[in-house]
Amino acid sequence: MAKPSLVSGIQPSGRLHLGNYLGALKNFVELQNSDKYQCYFFIADLHSLTEPFDPKEKSKQILELAADYLAAGLDQKKSTIFLQSAIPSHSELARILENLAPMGELNRMTQFKEKSKTQPGNVNAGLFTYPTLMAADVLLYNAEFVPVGDDQDQHLELTRTLARKFNAKFGKTFIEPQPLHTSAPRVMSLGNPEKKMSKSQPATCLFLDDSPEEIKAKVMRAVTDSGSEVTYDEKRKPAVSNLLMMYASLTGEPTVKIEKKFADKNYSQFKTSLAETIANHFADYRKKKRELTTKSYVLKTILKSGSKKAAKIANKKITEVKEKIGIAI
Ligand code: AQP
């Protein structure tokens with residue numbers, strides 16, 4: 001029997017951080033290695049154009065993200081790793097799905113509302129239609145599952161709605177996909193446990209290729225809560241709980257075990273151990289990424305061959321869609 005498909009992507013818009021990793025990339029690797037799924041992982045370059053960017057940097061960011069994927073453990077022999085813009089069907093299907101997406105719903109999307117605030121001089125139509133392109137990214141590959149952080153749930157709900165609407169209007173064509181979350185679906189900022197960790201706040205964000213010294217400095221500066229016990233309590237101790245969640249996700253230990261380990265220790269001792277855990281966890285990744293970034297030819301070849309493979313599936317789907325809506329003549 002054919003394995004169920006899953007698809008996900010990350011924008012090439014800068015260095016990856018611990019939120020991207022614990023919410024998404026770590027799961028990509030585990031799902032790939034479980035051997036239970038047909039995996040498609042792409043570089044969401046079209047999505048990344050919705051934010052201000054320097055064209056000279058964009059191709060470097062694409063290759064850097066390809067290096068990130070491989071350094072973290074994705075393997076082009078097990079997963080199809082590709083570039084979104086190399087497959088025109090993504091844009092074509094997005095344009096078709098836009099006709100089923102009410103303006104009011106797109107307007108309610110939290111990401112659109114937030115980005116409209118953070119980039120007030122550039123509230124562009126691409127930002128507004130981001131969710132319909134995301135729906136196309138997923139629906140083209142008959143994905144049953146989408147591993148993402150929980151900030152993408154609203155977009156995925158719209159994907160399901162669009163799939164349902166299309167199927168009802170034009171006949172069964174799309175699968176309604178489900179999100180797959182990790183135990184850390186929303187990693188919060190080191191400076192404010194109410195806000196998600198995000199690359200636009202670099203001082204309170206742990207980048208995967210930060211040096212051990214940078215990791216230590218950022219973790220030691222991280223805000224904590226009143227009291228001195230290292231205990232998991234999202235309501236009373238949101239900052240410490242966020243740090244504990246990072247520790248648990250990286251070591252695979254349950255939070256109760258970590259609480260016991262630090263029962264007679266203070267915040268500073270806990271943070272020192274967390275910083276070491278993070279630095280050690282990414283030592284191999286940092287080394288591999290350094291090596292891979294010097295091999296742009298290899299990275300390009302992997303993306304080209306993955307895009308060719310993905311295009312076969314995507315082209316089949318877009319042909320079916322065009323037939324269903326009556327524009328295939
Ligand atoms: N803080 C987070 N916790 C858990 N998961 C997260 N993701 C992002 N931030 C967190 C997940 O990472 C994947 C890739 O997301 P993206 O390409 O949309 O990256 P992003 O959201 O643009 O990253 P930033 O840092 O949040 O960007 P800015 O600063 O521009 O807002 C997705 O699966 C996402 O859920």
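**Around the ligand and beyond**

Guide: Happy to. A ligand nitrogen atom sits 3.1 Å from a polar backbone atom of Gly19, which is a polar contact here (a pair of N or O atoms within 3.5 Å; within protein, one must be able to donate a hydrogen and the other to accept it, and residues adjacent in sequence count only if both atoms are side-chain atoms). Before we go on: this is a predicted model, where local features need pLDDT of at least 70 and side-chain atom pairs count only at pLDDT 80 or more, while totals for chains, interfaces and linings use all residues. Residues are numbered from 1 along each chain as its sequence is written, and side-chain values use heavy atoms, with hydrogens and water left out.

Visitor: Which side chains have an N or O atom 2.4 Å or 2.9 Å from a ligand oxygen?
Guide: Asp151 has a side-chain N or O atom 2.4 Å from an oxygen atom of the ligand. For Lys196, the distance from a side-chain N or O atom to a ligand oxygen is 2.9 Å.

Visitor: And which residues around the ligand come nearest?
Guide: His17, Asp151, Ser198, Lys199 and Ser200, out of 21 residues around the ligand. A residue is counted if one of its heavy atoms lies within 4 Å of the molecule.

Visitor: Switching topic: how is the chain divided into domains?
Guide: The assignment gives domain 1 (5-186 + 295-325) and domain 2 (210-281); such bounds come from an automatic or database domain assignment. Their centres, taken over C-alpha atoms, are 32 Å apart.

Visitor: How many residues of each are in contact?
Guide: Eight from domain 1 and seven from domain 2, with contact meaning heavy atoms within 4.5 Å.

Visitor: What about the largest nonpolar core, which members touch the most others?
Guide: Leu18, Leu25, Tyr69, Leu206, Met246 and Ile278, in a core of 62 residues. A nonpolar core is a set of buried Ala, Val, Leu, Ile, Met, Phe, Trp, Tyr and Cys residues joined through side-chain atoms within 4.5 Å. Buried means under 20% relative accessible area, exposed over 50%, and partly exposed in between (1.4 Å probe, protein chains only).

Visitor: Which helix gives the largest share?
Guide: Helix H3 (residues 55-72), with nine residues. Helices (H or I, at least four residues) and strands (E, at least two) are DSSP runs, numbered from the N terminus. Domain 1 and domain 2 each supply at least three residues to this core.

Visitor: What does Leu206 touch?
Guide: Leaving out residues up to four places away in sequence, its partners include Leu16, Leu18, Met246 and Ile278. There is also a second, separate core of 39 residues, with Phe128 and Ile318 among them.

Visitor: Now charges. How many salt bridges are there?
Guide: The count comes to 25, a salt bridge being a side-chain nitrogen of Lys or Arg within 4 Å of a carboxyl oxygen of Asp or Glu. One of them pairs Lys115 with Glu51, with the closest N and O atoms 2.7 Å apart. Lys115 is in helix H6 (residues 110-118) and Glu51 in the loop between helix H2 (45-48) and H3, 64 residues apart.
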